[in-house]
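Hello,

Here is the structure I promised to pass on. Have a look at it first, and then read my notes below.

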Amino acid sequence: MENQTEFVNWLRSVAPYVHAFRGKTFVVAFPGELVTAGGLQVLAQDLSLLHALGIRIVVVHGSRPQVAEQLALRNVEAHFHNGLRVTDSAALECAKEAAGELRLDIEAAFSQGLPNTPMAHSAIRVISGNFVTARPMGVIDGVDLQLTGVVRKIAADVIQPIMNAGGIVLLSPLGFSPTGEAFNLTMEDVAVSAAIALRAEKLIFLSETPLMKDAGDADIRELSSHQAEAVLSAGFLPADAAFYLGSVVKACNAGVSRAHIVPFATDGSVLLELFTHDGIGTMVTYENLESLRQATIEDVGGILKLIEPLEADGTLVKRGRELIEREIHYFSVIEHDSVIFGCAALYPFPKEKMGEMACLTVNPEVQGQGDGDRILKHIETRAREAGLTKLFVLTTRTSHWFLRRGFVLAGVNDLPQDRQQIYNWQRKSQVLIKNLY
């Protein structure tokens, strides 16, 4: 950094992430290609930094190129079906050999502690074991995958105490059956299963694939789980990228709140993804279409019932039924058991590429459960999809809530021209603006 001020500003900017991540569980998975590319030492340093910040880490490694190397050394031909290795007994021995070498390399990388390195004075313990129970994948399309398996269970009850004691848990792409058989697994299956079983806050795939692009060759930075499913259905992604995306969708739909696919080619990629606003990869978040959606005319009654108490005490500007009916297409709602518990509206100002979020309301009975944040995230996504670069709100009583979520205080002159003309000077609402890019 060029000066002290820049360093201080940077450190302050990452502080909210440090507070948010402390005590949370992250499952970080990487393919064997990262090791062959020479990235293991740097990754160990970056994950050790996360560990030092109080993040609970589970590491999952892949081994495909290492297994291929072992097969070549033994003059054994590799066989695949739909991208999955057909694991005979010879291939399984190669998988064991590769996993054993990788485990030792990973443990050695986390044992660094030389002065003048990022891991100076660290004393990190990496624990591995028979934490993965597996079963055979069986016959698919008439092809017997033999000793290729799928995860049946992750020993979360054993892993949690290890993390509580400050250890990093290492999982290899091998699993064992109650009868003592070993199975070759995919790194993605192990990582997803671990994230689900451990109720992880994040699942992070460090991938050999570049940043995903949409059909128009634009970067894909953020998707809801249902948007990711639509991308997969469209079929334009390369096979490897689609496999990663399908894995994170499975994790999100099973309760993992956020999953990331991050190209490992960039130095410090995992840190850039976690501690910068835009990141460098693709993030997928869970969104239940049945509970968070764009409003319809049938929702007018529920919206009115929700906002009436806040209109009565002056928190919200009064809106009649006719106005809400005319503007219902601007609204989004969140519901539980067919009852609307929250809403917000997005009014676009395309000329200035700005949008106003108005009427953000959550039923007091469910406040504190994150519905307000979910609605805000949904509105931000709608704004970005509409090509808007800034989101603003006008509020008289809840400015602190928005300030904690990235909005900054602004003035009436910062509003779009059309919005300035209808600003209510009697209410004297505070103006807060958030950059979306």
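Let me start with Asn75, which is exposed, with a relative accessible area of 74% (buried means under 20% relative accessible area, exposed over 50%, partly exposed in between, with a 1.4 Å probe and protein chains only). Please keep in mind that this is a predicted model, where local features need pLDDT of at least 70, side-chain atom pairs count only at pLDDT 80 or more, and totals for chains, interfaces and linings use all residues. Residues are numbered from 1 along each chain as its sequence is written, and side-chain values use heavy atoms, with hydrogens and water left out.

Asn75 sits in the loop between α4 (64-73) and β3 (80-81); helices (H or I, at least four residues) and strands (E, at least two) are DSSP runs, numbered from the N terminus. Although Asn75 is not a glycine, its phi is positive, at about 55 degrees. Most residues other than glycine have a negative phi.

Lys353 also has a positive phi of about 55 degrees without being a glycine. You will find Lys353 in the loop between β19 (339-349) and β20 (354-362), and it is partly exposed, with a relative accessible area of 46%.

Now to strand β15 (residues 258-263): 5 of its 6 residues are buried, so the strand is largely enclosed by the rest of the structure. Strand β13 (residues 202-207) pairs with β15 in the parallel sense over 6 bridges (two strands pair if DSSP finds at least two bridges between them). Leu203 has Ala259 of β15 as its bridge partner. Strand β16 (residues 282-285) runs antiparallel to β15, joined by 4 bridges, and there Ile261 stands opposite Thr282.

Best wishes
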